[in-house]
Each structure stands twice: as C-alpha cells, then as structure tokens.
Amino acid sequence: MWSIAFSAANILALVMWVALILLPRWPALMAAALYLGVGLLCGAYAIGLIGILTGTIDQVGGTGASMDFGSIEGVRAIFASDGGVTIGWIHYLAFDLFVGIWIARDADAKGFSRIVQAPILLATFMAGPLGLFIWLLLRERRAREGGRWQ
C-alpha cells in the first residue's frame, strides 16, 4: 500500500510541476495545481498521518512506538518505516508545490519572464528551500521598486 501511495504522490506532483513550469498559467491550471495537486497531497498526508497515529494503518517496518519529533533519534525512527517515509515525502511534495505556485504567481505579478522563473521553479521542485531562497533573493529588489513589500 505504501509503495502505491508513494508512487501516486510522485506522479501527481511531477505532472503538476511540469504544468506549472511549461504550460501557460491559465486560472484553471493554477486552480488545478493548488486544489488538485496540493489539495490531494495534503489529503493523502492527513489520511496517512492520522491512520498511523490511530493505528488504523500499519506503518510496515515501524516499531509501533509513538512519534517523537524532539530528537534526531525519534525522527530517524519515524522515517525507518514505509509509512513514515511515505507521509514524510508527501509532506515535502505538498509544501514544495505550494511554494512553487506562490513563486510562479509572485514572479508573474512582478513581471519576471518565464525563462527566469523556470530554473527557480526547478530548484524548488528538486530542493524546495534552495529554490525559495533563490527566489527571495531575486524578488527583493523588484518588490522594493514597487514601493512596498508585497
């Protein structure tokens, strides 16, 4: 079950990222990326997390211990199960896609060309915080030129 959820989440995220980077940003496409892409990923994450926490879904390979986010050992134990890895990965996919949508909308509003946006979005897809950091550095001047932080 976890390998199917993992693969489905990857395919969904990949399709949304390809659309976000390569296709025209029609309102329907942006809505689909947000509500179908991010929304479905968030829903899958919620179901998986709640299922594991309540014991209704087996982690496969997990110790059955409670989740401990307060130590590196505790986080390592969470990711030592198929369920932990899958919901953790879906968490990354959902947030990175959400950030990518924000970057695309912000870049469009600030007049950045799609040529400039593409590598930043690709960096966000591959290494979320790195792409966001690059975007924050790049957008700062244009945001100030607009007379306010927006």
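Analyst: The largest pocket has a volume of about 210 Å³. A pocket here is an open set of points on a 1 Å grid where a 1.4 Å probe fits, with protein on both sides within 12 Å along at least five of seven lines. Its volume is the space filled by probe spheres set on the points. The model is predicted: local features need pLDDT of at least 70, side-chain atom pairs count only at pLDDT 80 or more, and totals for linings use all residues. Residues are numbered from 1 along each chain, and side-chain values use heavy atoms, without hydrogens or water.

Lining residues have an atom within 4 Å of a point. There are 13 of them, and W89, L93, D96, F125 and M126 are the closest to the centre. Helix 1 (2–22), helix 4 (82–109), helix 5 (114–126) and helix 6 (128–145) each supply at least two. Helices are DSSP runs (H or I, at least four residues), numbered from the N terminus. The lining has ten nonpolar, two polar and one charged residues. Asp, Glu, Lys and Arg count as charged; Ala, Val, Leu, Ile, Met, Phe, Trp, Tyr, Cys and Pro as nonpolar; the others as polar.

Now W89. Rings pair if their centres lie within 6.5 Å, and planes under 30 degrees apart count as stacked. W89 and F6 have ring centres 6.1 Å apart and planes at 25°, so they are stacked. F6 is in helix 1 and W89 in helix 4, 83 residues apart. Together with Y92, F6 and W89 form one aromatic cluster.

Definitions and conventions. Rings of Phe, Tyr and Trp (its six-membered ring) pair if their centres lie within 6.5 Å; planes under 30 degrees apart count as stacked, over 60 as edge-to-face and the rest as tilted.
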